[in-house]
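Welcome, and please have the viewer ready. We will walk through a few spots in this chain together, starting with a question and then widening the view.

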Amino acid sequence: MLEEVRISGLGVIDDAVLELSPGFNVVTGETGAGKTMVVSGLGLLFGGRADPARVRPGAERANVEGRLSVEADGRVARQVNDAGGDLDDEGGALILSRSVSAEGRSRAHAGGRSVPVSLLTYLADDLVAVHGQSDQQQLLKTGRQREALDRFAGPALAALLAGYQRAYQRHRDVRQELDELTSQARERQREAEDLRRGLDEIEQADPVDGEDVELLAEEQRLSNADALHSAATTAHEALLGDPSSGQYEAADAVTLLGLARQALEGAARHDAALAALGARVSEAAYLVSDVAADLASYAQSVEADPARLAAVQERRATLGRLIRLFGDAAWPLGGSAVPAAPAREAGGSAQAAGAAGAAGAGEAAAGEPTGAGGGTATGPAPGTSGANGDDGTPAAGPSAVAAVLAWAKQAAARLAELEGDDDRISGLAEEEAGLAAQVAQLAAELSAARREAAERFAGDVTAELAALAMPHARLAVAVTPLSEPGPHGADDIEIRLSAHPGAPALPLNKGASGGELSRVMLAIEVVFAGADPVPTFVFDEVDAGVGGKAAVEIGRRLARLARLAQVIVVTHLPQVAAFADTHLVVEKADDGSVTRSGIVRLDRPGRVRELSRMLAGLEDSEFGRAHAEELLAAAAAERAEG
């Protein structure tokens, strides 16, 4: 509720304060005294357009400051707190201010903090509804008309709307998820096919962890079988000799070690040191004999096997292809699909790519020795280590097949997920269809409830208009179906007015003149007062073109509205002013400006004088005073009965 408004430098107002009260407040005064500037100031305070032409000549800026009583834990207080402002120390009063410079610069403050002007506009939605001939009025917005009609319809429609919005939001979420899945169907299908192809290839090869390392070693041995056999045989003969050759004159290592041992044994008893050396020679002889025996066994085990060598090379080519496609370096684990290009190269078939991989893995390495079986030694398979150790022997590297097996495990999980998407799509499609039917059903029920409420509302407002000197006006609420349901239902709500017989029903801002529109708004506000939560209503020129009994009815309707909210009315009608709880009069000073003392809150004698002036043009007219007393008494009786 507005408690106080201070206006300075606005139009003819130099500096003035309005002390307002709950209930029905009226502002009266002579034409040109600045009554309309009061409404203009309120519009400016609540985010209206800043017009520098309204700044008083000679003033640097126009200022409007208002003190409002609000709930400390209400929506308005929360919005102000979010903007950095605060209520006063008692926690119940909010200070708003707006200034406009002569150059057109505008500033706004809320709760002691500078804020965007838009915040004042947002706050106004919950604080005040200004109804003047040129003001943008809340109920001219179709969204506000829908909300107000829904509140007018009562709790039954509110519960129905809540159920509809829950179903609508769920349907929207399901529809969005379903669209995302179906829009990616081709990509998912292509990914699944690649995964299946890769997994089938791995399953057919059936690799074993570490197999590539073992095959590399075996291929090295088979490829160099003749060289290995010759080396082992030569070494064996050097160590132990070859009895089958019949040549005994060439001494072998074992024979020489035996002669050395015999020479030492004859003299060892004379010197312990020599005896120790003899023991070491004996040990060396035994060791050389063991090595010679092992060399003989190794030489017998090594033989050329071209068939086995070909099989090993083919197997290594198969593993090499898998490692190139699915190993760590080729395809990072956790990818969303198998790389498609390698699987389609060489003519586009996996078989052609496999042949190419086998050929690459089985090519002879330049400079490698040729085995006895005619095979050539190849380098290591991709992903394995082919480097030699410090002594020249092949060094076994880590198995690259492990990465292939890890990929297969992850690909199987991803494939199961993709195949599950089909079931998910089917389930979502079924749920979406059910929700669509539910939304349509609830929307139909909501539309029916709105049409019923619209008929009641149109009848109530039309009856109010008849008492406001618009006996032939008809109000209608059009409930028009939308092309598809929205977040608030499947209806477009629009309040329309037919101002006289034969006139088409037009939207409010097109079907009424300025004075008619004010009275239409009054009628609507009276009907909607219990539904629309705005705590303060401001009316300007609500009595335009009205007099006599209709003016009394306007006063009575405003008083009725004031029982539910604060009402501020600028009026020329004494019949309206007589119903007020608080009467403020704007008095023009001699210099043509309105000073701080120019807005006066009247007591009963002052009200009698002002009503007499409004009735007869003379404050001290005996007949005017009598009529004023009569109006005040009648209005008091009306309030007492109400």
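Does Y168 count as buried or exposed? Y168 counts as buried, at 16% relative accessibility, because the cut-off for buried is under 20% relative accessible area. Please keep in mind that this is a predicted model.

## The chain as a whole

Let us step back for a moment. The secondary structure of the chain comes to 20 helices and 15 strands. The chain has 642 residues, and 45% of them count as buried.

## Aromatic pairs

The structure holds 3 aromatic pairs. One of them joins F152 and F457 in an edge-to-face arrangement, with 5.5 Å from centre to centre and 70 degrees between the planes. F152 belongs to helix 4 (residues 142–153) and F457 to helix 14 (residues 401–466), so this pair ties together parts that are 305 residues apart in sequence. Both partners can be checked for burial: F152 is buried with a relative accessible area of 16%, and F457 is buried at 1% relative accessibility.

Y168 from the opening question has an aromatic partner, Y164. Their ring centres are 5.9 Å apart and their planes meet at 25 degrees, so the pair is stacked. Y164 and Y168 sit 4 residues apart in helix 5 (residues 155–183), a separation of about one helical turn. Y164 is buried as well, with a relative accessible area of 0%.

How many of the 9 residues of strand 5 are buried? In strand 5 (residues 93–101) the number is 8, so this strand is largely enclosed by the rest of the structure.

Strand 5 has an antiparallel partner in strand 4 (residues 61–69), and 9 bridges join the two. Within this pairing, A62 stands opposite V100 of strand 5. Strand 6 (residues 106–110) also runs antiparallel to strand 5, joined to it by 5 bridges. Here S97 faces H109 of strand 6 as its opposite residue. Strands 5 and 6 form a hairpin with 4 residues between them, and G104 in the turn has a positive phi of about 100 degrees.

## Around H583

Now turn to H583, which is found in strand 14 (residues 582–586). H583 counts as buried, at 1% relative accessibility. Leaving out residues up to four places away in sequence, H583 touches V26, T28, A577, V600, R601, L602, R607, E610 and L611.

Which side chain makes a polar contact of 2.8 Å with the side chain of H583? The partner is T28, again through its side chain.

One last stop is D194, placed in helix 6 (residues 185–205). D194 is buried, with a relative accessible area of 5%. The side chains of D194 and R197 are joined by a polar contact of 2.3 Å.

How values were computed. Residues numbered from 1 in each chain as written. Predicted model: local features only at pLDDT ≥ 70, side-chain atom pairs only at ≥ 80, totals over all residues. Heavy atoms only, no water. Buried < 20%, exposed > 50% of the residue type's maximum accessible area, 1.4 Å probe, protein only. Contact = heavy atoms within 4.5 Å. Polar contact = N/O pair within 3.5 Å; in protein donor to acceptor, adjacent residues only side chain to side chain. Phe/Tyr/Trp six-rings, centres within 6.5 Å; stacked < 30°, edge-to-face > 60°. Pairing = 2+ DSSP bridges.
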